[in-house]
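Subject: Structure handover

Hello,

Here is the structure you were expecting, with the sequence alongside. My notes on what turned up are below it.

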Amino acid sequence: MAEQETSGLQVLLSTLQSSSDKESILNILQVLTELLSVGTDRRIHYMISKGGSEALLQTLVDSARTSSPDYNILLPLLRLLVKVGQRDKKFGQKALELEALDVTLILARKNLSHNQNLIHCLWALQVFASRVTIAAMLGINGAMELLFKVITPYSRKRTRIIRAATEVLAVLLKSKSNSRRAVNRGYLNGLLRLHQDWQNHDTSNDFIQIRRSLLLCIKHITNIQSGKEVFLGAQGMEILFTTTQNYLGNQSMDAIISVVIQILRKCYPKCSLPLATASSYYSFSVPGSMNSGPPCTGSEDDFEEDGEEEEDTDSDSEETKEEDDDLETDLKKLTSKPVLSWTEEELKQYEAMCCELSHNFQELESKSGDELSSEEDLGTHKCTYFCHISTQTFSKRHFQERDQSTQGLETGDTNFQNPPPKQMKIMKSTGDITYEEGAPGKIGPYLSSNDQEEDSSRKEVPDTQASFKESPWGAEVCSCLNKNTFLSSSVRIDEISEPVSKFLERHPMNIPFHNPYTYIAKAEGTKSVPGFKVLAFPDVWGHHSPPFSQSMLERKCGIQRAKIFEDVQRFIQPDKVMGRVVFSLDEPWLLQSTDATECLKFFSGFESGNLRKAIQVREFEYDLLINADVNCIQHQQWFYFKVSSMKAAIPYRFNVINCEKVNSQFNYGMQPTMYSVKEALQGRPHWVRVGYDICYYKNHYRQNSAVAGAYGKCHYTLTFSVTFPHNEDVCYLAYHYPYTYTALMAHLDFLEKSVNHKKVYFQHQVLCQTLGGNPCPLVTITAMPESNSSDHLQQFRQRPYQVIVARVHPGESNASWVMKGTLEFLVSSDPIAGLLRESFIFKIIPMLNPDGVINGNHRCSLRGEDLNRQWLSPSAQHQPTIYHTKGLLHYLNNIGRTPVVFCDFHGHSQKKNVFFYGCSIKETLWQAGCMVDTSIVTEDVGYRTLPKILDKVAPAFAISSCSFLVEKSRASTARVVVWREIGVLRSYTMESSYCGCNQGPYKGLQLGTHELEEMGATFCLGLLLLQLKSLTCSSQFMAQASALLDAREDIMGHQLRRSSSGSSTDVELDDEPPCMEEIDYSTDCSSDQETDIHELDRQIQEMALTETVGDGEDKNGVDNRSLSSPEVYVSKHCTRKYRTSP
């Protein structure tokens, strides 16, 4: 049957080319048209594979070259050509080879006054020109000159022809050679005049498609530098801004507005950031390094706007996925284990980090079980621990009830309630623990709130207005603040201890595992490059998870275009821009001269702070610039700064103008975080998500050309508005919930002093010193042996290891909150935590990059390196934390104690949920399309067990977001190196979204510290369940674990049934849901789809129909029908198709 169909089609095509009989040709064309008009495109592709395109093109050439071309044949033939040609990627080349291009151009020139014939030729030219090289050929042969004879100023006549001509011109101008020709011949000015004419006269918006096509022509011409220059010289920015601003909020005009936005953004003159230098304000002299400063920067002359001299190349070939190209397909690299670079002597140094294996516990005596139990009861520590595992039904309704207010502090009427006990977190700690280092006279640096500070290297300026004028705090507190003794960095340490103590006594806080005295004491030992002398109020005072969850912000339609138009207005109306620098690390004198009554006051001279400059552009709008990572010229994403002197109920707009990532979850519901000092002192010490009118888009500030991969690229703007809850408040704004190095050290100190050392083996050691001279902590957690008997000690020392690390990237503060939940759960009195301690030894490095965290870096160390790309061959001198972490892992592997699980906690800026990256040989090869010989490549699929468990028990976890591919670009990351070199099957990166979840119980909610800490604790539960599924699980462990889980059935029930309830499925979820408007970051791309195949098919079908019922044109060939959008035209056509034109 198939052979008969094939032979039948071939006969038709052969007859079509060879026949000279008009009736036969028409009949064949009618049969082919009917055949291709039903079903899917598979029929058309089949016909193309059998030489259908060539047959139709040859017939066109033969028919057109007769002495008197028969348009009864040519018109249906051209319609069929257009239908087939749109699906044939090589159609233009075939037309060129068969000389159909010249023939079609000749036919168009002959029919300039005959609309019906001309429009068919124009459609064919549009399809031919879909290949850029063919478009260039048509331009050489005069196609554009022909089209400008057809395209006229506004007229209600011949609108269908004008539309077709403008659409062809737009396609032709995708060719850079055609765009250069258009610039040289002055066509751009003509197109701007045509745009203005149609824009001004088409008041009823009947001809949107014509106006859009004219704009597309301008867009393509301005893809080249000379086109931009002519456009700017012709006042193109002003013209488009003026003609578009009146209907900016009209959704029916989206087709036009989106193109205008792309042109305006692209043609906005590029300039450098308003900074003295692209490199970080701070530099660090690295010991033993020849280069102590940031990388050299290229001159601005090196910046090339576009490759105007490039030859036209086609972009319509099938694109290969970049991620597939990045996959490691070399089986040797995937399976081979590199030679150990550590000698036995070098590995011995790590014995001291595993002293639990040699400790004899002489302080313990051999006791019976009853005696030990009694001793433990008497020795219970005064700290009370609560289980963190949820006892609530994970229903969407429950979490919506917690979402009292998306704006939180901005509304001022949030109803604060106790949080439900759903988090695996220790919810309470005693507030009466005192420490020697917190005694008066020994308190370290200073607390920053409402003072006027400056960089520590400058002379400090006393604050004359450091008082809150609100009454809730009491007169004595205000008096303390007025004296600047507590809040000013200009007072010596020994002078502030008494006021600090009085202030804290009058404002006691009960924040779990936080003590301001401990924090202040620990901060004294924190070493920073700038030499910070000020502490941020939230860090000292503490943060308590707010009693409400916050929904992801719904994106307002048109917000991006509105913000871009406001930016363009700055260029067009520069006199309305204040341009007043109100804060700058490069201009410290501004701190003294700024008048607080006229603007906000900014400051970030504290740990993890990194604001470099603030510019007031309008009364309530500020451009902010983030400092690059130390010794870097890039990595501006994380921010943390203080703002004060605000007015309540006034919307302030902030624009962070030097971001680098190409997209962000800020476009998909994420909000920045804010901490209000007044709210904290009123009993609400919360970091909350705030902001509205949020969007993230490309701006006109070019990136430094010295940055790898940044050549010709621009920065991105994060813009958001905030309405502050109080007058004259002090608020801190951050990219995400801050978690400083000092907070970690204070937390570890608190944990160490709080645990019951008769039951919990908790050891806090120093892994190494960082480049900046800060100790990198190493924590060991397990259960104390029951006694010092040989049996108990042997059981203690045979426990398998679990290794967990975090915060290698400083800006990923969410990783620290997850780690906080892990640490607190592991030392808690929860029975599950107890069983975990009895079963494993946990080696935890909670912060791999202390220096980066301290100095406000986003990604790098003090050497300007991404430490998670240094695992292949780290240096003890240059990457000490990575070197010694890897050495410790090699040591464990060398003594036969390879960890069961290695997990590196991270944060993710462009995806939602919490998920794993793991390593699989087979999955990598399959994804790359490689043949996998299962007899050679064997793999334990156990790497999927833990993520499957977490998908069931962790509300924020989504296995559908997990990936187990090994990429070439990730070969030097912790996950891949530990998998390959150490041989850890379950080597993972656990990514937590900065934003929130799009699945499960937390769907539609942003992740707070509450949920992040819960994830850290649930991760521990996952390790317990993993052990239950392992072959090495002892019967005793199984019995204990089963009893605990059975007793917690009320907790586990809904979690373990998550996958069956539909909250987590095998269906892939979109990483980022679509926005309400197009977010186009690649406006310079010439391969965007601007012509809808089905739209052209519809026009062809309409034309065929009008031939049978009247074409709506008078005898002079004038089209009297108004044509706007397809919907408008179809409705008019349906009501008028049988009525002749007057």
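This is a predicted model: local features need pLDDT of at least 70, side-chain atom pairs count only at pLDDT 80 or more; totals for chains, interfaces and linings use all residues.

Nonpolar cores

The largest nonpolar core has 136 residues, and the members that touch the most others are Phe602, Phe654 and Phe1019. Helix α39, which spans residues 1009-1029, contributes the most to this core, namely 11 residues. There is also a second, separate core of 104 residues, with Leu13, Leu29, Leu216 and Phe565 among them. As background, nonpolar side chains in soluble globular proteins tend to be buried together.

For Phe654, I looked at contacts beyond the neighbours within four places in sequence. The partners of Phe654 on that basis include Leu600, Phe602, Tyr622 and Leu624. Further along the chain, Phe654 is in contact with Leu718, Thr719, Phe720, Val722, Phe724 and Leu733.

Aromatic residues

The count of aromatic pairs comes to 42. One of them joins Phe602 and Tyr622: the ring centres are 5.3 Å apart and the planes meet at 65 degrees, over the 60 that marks the limit, so this pair is edge-to-face. Phe602 belongs to strand β4 (residues 601-603) and Tyr622 to strand β6 (residues 621-626), so the pair ties together parts that are 20 residues apart in sequence. Phe602 has a relative accessible area of 3% and is buried; Tyr622, at 1%, counts as buried too.

Trp638 and Tyr640 form another edge-to-face pair, with 6.3 Å from centre to centre and 70 degrees between the planes. Both Trp638 and Tyr640 are buried.

Phe602, Tyr622 and Phe654 also turn up in one aromatic cluster.

Elsewhere, a charge meets a ring: the charged end of Lys911 sits over the ring of Phe915, 4.4 Å from the ring centre.

Regards

How values were computed. Residues are numbered from 1 along each chain as its sequence is written. Side-chain values use heavy atoms; hydrogens and water are left out. A nonpolar core is a set of buried Ala, Val, Leu, Ile, Met, Phe, Trp, Tyr and Cys residues joined through side-chain atoms within 4.5 Å. Buried means under 20% relative accessible area, exposed over 50%, partly exposed in between (1.4 Å probe, protein chains only). Helices (H or I, at least four residues) and strands (E, at least two) are DSSP runs, numbered from the N terminus. Contact means heavy atoms within 4.5 Å. Rings of Phe, Tyr and Trp (its six-membered ring) pair if their centres lie within 6.5 Å; planes under 30 degrees apart count as stacked, over 60 as edge-to-face and the rest as tilted. A charge sits over a ring if NZ of Lys or CZ of Arg is within 6 Å of the ring centre and within 35 degrees of the ring normal.
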